Amino acid sequence: MTLTLDARDEAMLAGDHGDAAALSMRVIARVAASMQAEMLLDITGAHIDSCLYHGQAGLDFARRLADEGARVIVPTTLNVSSLDLLHPELYRGDNHTRTQALALMEAYEEMGCRATWTCAPYQLEDRPAFGDNVAWAESNAIVFANSVLGARTHRYGDFIDICCAITGRAPAAGLHLDHTRRAQIVFDLSGVPDRLLDLDVAYPLIGHHVGKLVGTQIPVLTGIPQATSEDRLKAIGSAGASSGSLAMFHVVGSTPEAPSLDAALGGNDAATHPITVGDLRAARDQLTTASVGGRLGAVSLGTPHYSVAEFGRLVELLQGRTVHPSVSVYVNTGRDIVHEISLRGWERALVDSGIQIVTDTCTYITPVMADVYGTAMTDSGKWAYYAPGNLGLDVVFGSVEDCVESAVAGEVRRDDSVWADA
Amino acid sequence: MPESQRVLVAGEASGLVLALDEPLSFWGGFESESGTIIDQAHPQVGESLAGRVVTMAVGRGSSSASTVLAEAIRLGTSPAALIMREPDEIVNLGAIVADELYGITMPILIVDAETFAAVAAADRATISAAGSITF
């Protein structure tokens, strides 16, 4: 099996479209060969993760492309960066890193990428349609595109994302192909009471549990009420892409390639694994490194970036109350969502409640949180997974209701009645 | 070179072998400035990968690992070579881009179980430009 490039690909490789396109095509061809792809395919969009600063090599690559005149030829969105450009005073890192991170952001804007700065590009108005081939990086965005939108992207990462955007091409391999998108393992939630499945808090835990068990397999979930909301599917995917390598999942009756269990499996013979309330309690405890009842120092919501609906719920739960003066509450989101919630008057209401909105970046990847005296709480499986290692914080995972009540009280509170077996 | 073996990134390398007991995520688990494992949950935390022929069965973790690995190759703190059982695009990309940007190669080879175990048990290994391994 060898890679065959078409005439356009060969022309790019030969430098007919400039040095940047030639370099991009060389990188794609080398990766395609390692994936044992036989050809490349056209993409209709890209989402770039390389704009988050991790060292000089990332900036060198972006500058080399931009200096050679690279322009993206498909609509391209940008993932979170290391800086919050709308709230620059929050940044607590060193100046050198700030300068480098800013230069990296500028290089990607120079190449024609949209300054969206969000890890949830699927919450933007223009998003891929069912069946579109795209090149998306950022693990939670990848799993959402494949699972919820029914768009097709392989697990792309740094460097190749921008190469695909510059050439409009990607390896015809992995999750771009029909047969690799079918489920290989079944998780049955019919043993979990509807009372629990009616709560948002169940979904990151389902994702965390499944992510740990699947390896690189694609799971299908049964026994979840039909027409699960996009926010709940987002929570499954982002948690499963943190605890494991989840790149796609199906939920029977909710995701577009799973109208039925048979359709999701597509003829695959798959073992069924029941999920119990006990499994979800265990997931909750794995995402919790501190005890309930202690002093609360901070709350972080919005990993992945909070949606308009999630903000609506937060405003409703706060009922105009202010958070305790010793607690810092952060909500990460995209600037497009901030625009939307400001029109509804919610941004003002949240600021008045003492809540800090963080845009363009996220509290777990860059130093924006003030010193935390006490435990941190979150409703995000992904944040709870990464924060202890990345930030050195002790974390309690809870529902958004738990997070709000704790933030107002100044101590870690969790309603454990929802976790009873029956 | 046996038929089951594939060269993902070609290049010459030689060094002491370090057999990783578990896969390592280069993002969050490895520090490019020093070349050491910093993942507190990894059994070999604190070990240096710099200049070693590293055996790691499969890749792991975030896609940002490509940049961290490319940065380590630039700084000279990366492994001399990686010997793996299964290809991992994230790891490949780091090595491919370092080659394209800086002309520094860190070869990556995919080998069968028998060869993998033999290299992991060896003290030193040398990789030729054609992809043969001697140890």
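This is a predicted model: local features need pLDDT of at least 70, side-chain atom pairs count only at pLDDT 80 or more; totals for chains, interfaces and linings use all residues.

Visitor: What makes strand 12 of chain A mostly covered?

Guide: A residue is called buried if 20 or more other C-beta atoms lie within 10 Å of its own. In strand 12, residues 355–359 of chain A, five of the five residues are buried. The strand is therefore described as mostly covered.

Visitor: Which residues of strand 12 of chain A point one way, and which the other way?

Guide: A:Ile355, A:Ile357 and A:Thr359 point one way, while A:Gln356 and A:Val358 point the other way. In a regular strand, side chains alternate between the two faces of the sheet. All of these residues in strand 12 of chain A are buried.

Visitor: How do you know that strand 11 of chain A pairs with strand 12 of chain A?

Guide: Pairing requires at least two bridges between two strands. Five bridges join strand 11 to strand 12 of chain A, so the two are paired, and they run parallel. Within strand 12 of chain A, A:Val358 stands opposite A:Asn332.

Visitor: To which strands of chain A is strand 10 joined, and by how many bridges?

Guide: Four bridges join strand 10 of chain A to strand 11 (residues 328–333), and four join strand 10 to strand 13 (residues 375–378). A:Leu301 stands opposite A:Val331 in strand 11 of chain A, and A:Ala298 has A:Ala376 in strand 13 of chain A as its bridge partner. Strand 10 of chain A, residues 296–301, is mostly covered, with six of its six residues buried.

Visitor: What do strand 10, helix 12 and strand 11 of chain A make together?

Guide: They make a right-handed β-α-β unit, in which helix 12 comprises residues 308–318.

Visitor: Why are strand 8 and strand 9 of chain A said to stand at the edges?

Guide: They belong to an open sheet of four strands in chain A, in the order 8-7-6-9, with parallel pairing. Strand 8 (250–251) and strand 9 (272–274) each have a single partner strand, so one side of each is left without a neighbour in the sheet. Two bridges join strand 7 (residues 219–222) to strand 8 of chain A, and A:Leu221 has A:Val251 as its bridge partner there.

Visitor: Why is A:Arg30 called buried?

Guide: A:Arg30 has 21 other C-beta atoms within 10 Å, and the cut-off is 20 or more. The residue is therefore buried. A:Arg30 is found in helix 2 (residues 19–34) of chain A. A:Leu3 is 27 residues from A:Arg30 in sequence and 9.4 Å from it in space, C-alpha to C-alpha.

Visitor: How is the packing of helix 8 and helix 9 of chain A described?

Guide: Two packed helices are described by the angle between their axes and the distance between the axes. For helix 8 (residues 202–214) and helix 9 (residues 230–243) of chain A, the angle is about 35° and the axes are 7 Å apart. Helix 8 passes helix 9 of chain A in a right-handed crossing. The residues of this contact between helix 8 and helix 9 of chain A divide into eight nonpolar, eight polar and two charged.

Terms used. Residues are numbered from 1 along each chain as its sequence is written. Chains are lettered from A and ligands numbered from 1 in the order in which they are written. Axes are lines fitted to C-alpha atoms, for helices over the stretch in contact, and angles run from 0 to 180 degrees between N-to-C directions. A crossing is left-handed if the near helix is turned anticlockwise from the far one by less than a right angle, and right-handed if clockwise. Ala, Val, Leu, Ile, Met, Phe, Trp, Tyr, Cys and Pro count as nonpolar, Asp, Glu, Lys and Arg as charged, and the others, Gly among them, as polar. A residue is buried if 20 or more other C-beta atoms lie within 10 Å of its own, exposed if 12 or fewer, and partly exposed in between; C-beta atoms are placed from the backbone. A crossover is right-handed if, with the strands pointing away from the viewer, the path from the first strand over the helix to the second runs clockwise.
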